[in-house]
Amino acid sequence: MKLWFPYKQMQNMEVPLEVDSGRGVYLNLSDGRSLIDGISSWWAVIHGYSHPEINAALKQQVDQVAHLMLGGLSHKPATALADKLCEITPIGLNHVFFSDSGSVGVEVALKMAIQFWKNIGKVGKTKIVSLKNGYHGDTFKAMEASDDSDFTSAFETVLHRGFLVQPPDGGYYAHEKLVEIAVNEVLALFTKHANEIACFILEPIIQCAGGMIIYSPEYLRAIKKLCEKYEVLLIFDEVATGFGRTGKLFAAEHAGVSPDIMVVGKALTAGYLGHAATLANTMVYNGFLGRNYETALMHGPTFMANPLACTVALKSIELIQKHGYISKIAEIEKIIVEEFKKITSPFIKDTRVIGAIGAIEMVNAEVLIGFNNYAAEQGVWLRPIGKILYLMPPYVIEKNELLQVIGVMNQWIKHLK
Ligand SMILES: *Cc1c(COP(=O)(O)O)cnc(C)c1O
């Protein structure tokens, strides 16, 4: 095949479904069928496909200017989006660096953290701490920060890993003893190695690609304190969790914690264009000020702050705010919780729900073989990650559509033998 697909053994890949158009939550296939997209095209298409207001904003911008280099030039969509992101993200994140994908946004965050310590004269603080099950993207430094998995296994011999620590067990409402065990591991690590550590990067509240694993906000509060005490920069990777997915505009809000650096992507541009933003607090930003290039952030993706991407992001945020999306997401959560109660089976190990995310952990991945095709036959597009059967629908999904998506999951599980 000429077209090389992601995360696939091309030798035996099934022919993928061909999509002709998208409208609202529906993917219209070339063969005439329509499927409800239960996973928002990798969690990005939060307003559904072909949203009239977003389309109109983009058409207007494309007639104005489609692209500009940010080197030496600026434009209103970029400054307006930077202002907006500073306004809506956790307090203290006052500076925005744009890039073109979540992985690159993570690279920028890690470069910021490592160079920050060098710039202020603390040599040797270069290592990264991250969480088991974490996923931060597919580029090299992002792979180093991610847990060992199918995504990284081909490169283990060339990855210079830092430290991996265990997130707390017990879910969102974990017993404090469980949180304490995980915090103590970090305390022990910092006590011994803080002078080598630049940053602690994690996905706050829920680790998505790593298996939809939810953990206690208490952990984030404790880690924030430890990071401050031991001079370790705290990075929240909100590429998956940002823009309402967990029921708060950003997952950091569950803990009331502001990181030093935060990365957003995916839903930033509502699935229209590849873009990401790395936000930093003023302490980090000030660490890059000086008289020459030596302390400057020497990074500049060609398409950073692309005017179309900034325009679509601004419109998306406006829609989230104007239409009370956070309460819509609370409704979605309620429905998922209720419907999941009806799904019981010896093949289920655990179910987890937060915001507009519902995940069913099966006993193994084998019981999901063939699920994709089954779901498509029932009019639903879902794509399990390993043994995790999950939905992350567009926020505009109607109740009956949501019931259809969850119903397909239930039907499949019911018929397992
Ligand atoms: C998807 C994802 C990334 C990578 O983003 P890309 O746009 O695919 O490069 C990074 N971090 C998290 C948490 C993600 O879910």
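In which hand, left or right, does helix 11 pass helix 13? Helix 11 passes helix 13 in a right-handed crossing, a term for the near helix being turned clockwise from the far one by less than a right angle, with left-handed standing for anticlockwise. The model is predicted, so that local features need pLDDT of at least 70 and side-chain atom pairs count only at pLDDT 80 or more, while totals for chains, interfaces and linings use all residues. Residues are numbered from 1 along each chain as its sequence is written, and side-chain values use heavy atoms, with hydrogens and water left out.

**Helix packing**

- Helices (DSSP runs of H or I, at least four residues) and strands (runs of E, at least two) are numbered from the N terminus.
- Helix 11 (residues 325–341) packs with helix 13 (residues 399–414) at an angle of about 35°, their axes being 11 Å apart; axes are lines fitted to C-alpha atoms, for helices over the stretch in contact, and angles run from 0 to 180 degrees between N-to-C directions.
- In this pair, I332, I335, I336, E339 and F340 of helix 11 meet K399, L402, L403, I406 and M409 of helix 13, where contact means heavy atoms within 4.5 Å.
- The residues of that contact divide into eight nonpolar, no polar and two charged, with Ala, Val, Leu, Ile, Met, Phe, Trp, Tyr, Cys and Pro counted as nonpolar, Asp, Glu, Lys and Arg as charged, and the others, Gly among them, as polar.
- Helix 3 (residues 76–88) and helix 10 (residues 307–322) have axes that come within 9 Å and cross at roughly 40°, and helix 3 passes helix 10 in a left-handed crossing.

**Ligand surroundings**

- Around the ligand stand W43, S101, G102, S103, Y135, H136, G137, E203, D237, V239, A240 and K266, each with a heavy atom within 4 Å of it.
- By class, this shell has four nonpolar, five polar and three charged residues.
- A polar backbone atom of G102 is 2.8 Å from an oxygen atom of the ligand, and an N or O atom in the side chain of K266 is 2.6 Å from an oxygen atom of the ligand.
- A nitrogen atom of the ligand lies 2.7 Å from a polar side-chain atom of D237.

**Surroundings of H95**

- H95 lies in strand 4 (residues 93–99), and its side chain makes a polar contact with the side chain of T282 (3.1 Å).
- A polar contact is a pair of N or O atoms within 3.5 Å; within protein, one must be able to donate a hydrogen and the other to accept it, and residues adjacent in sequence count only if both atoms are side-chain atoms.
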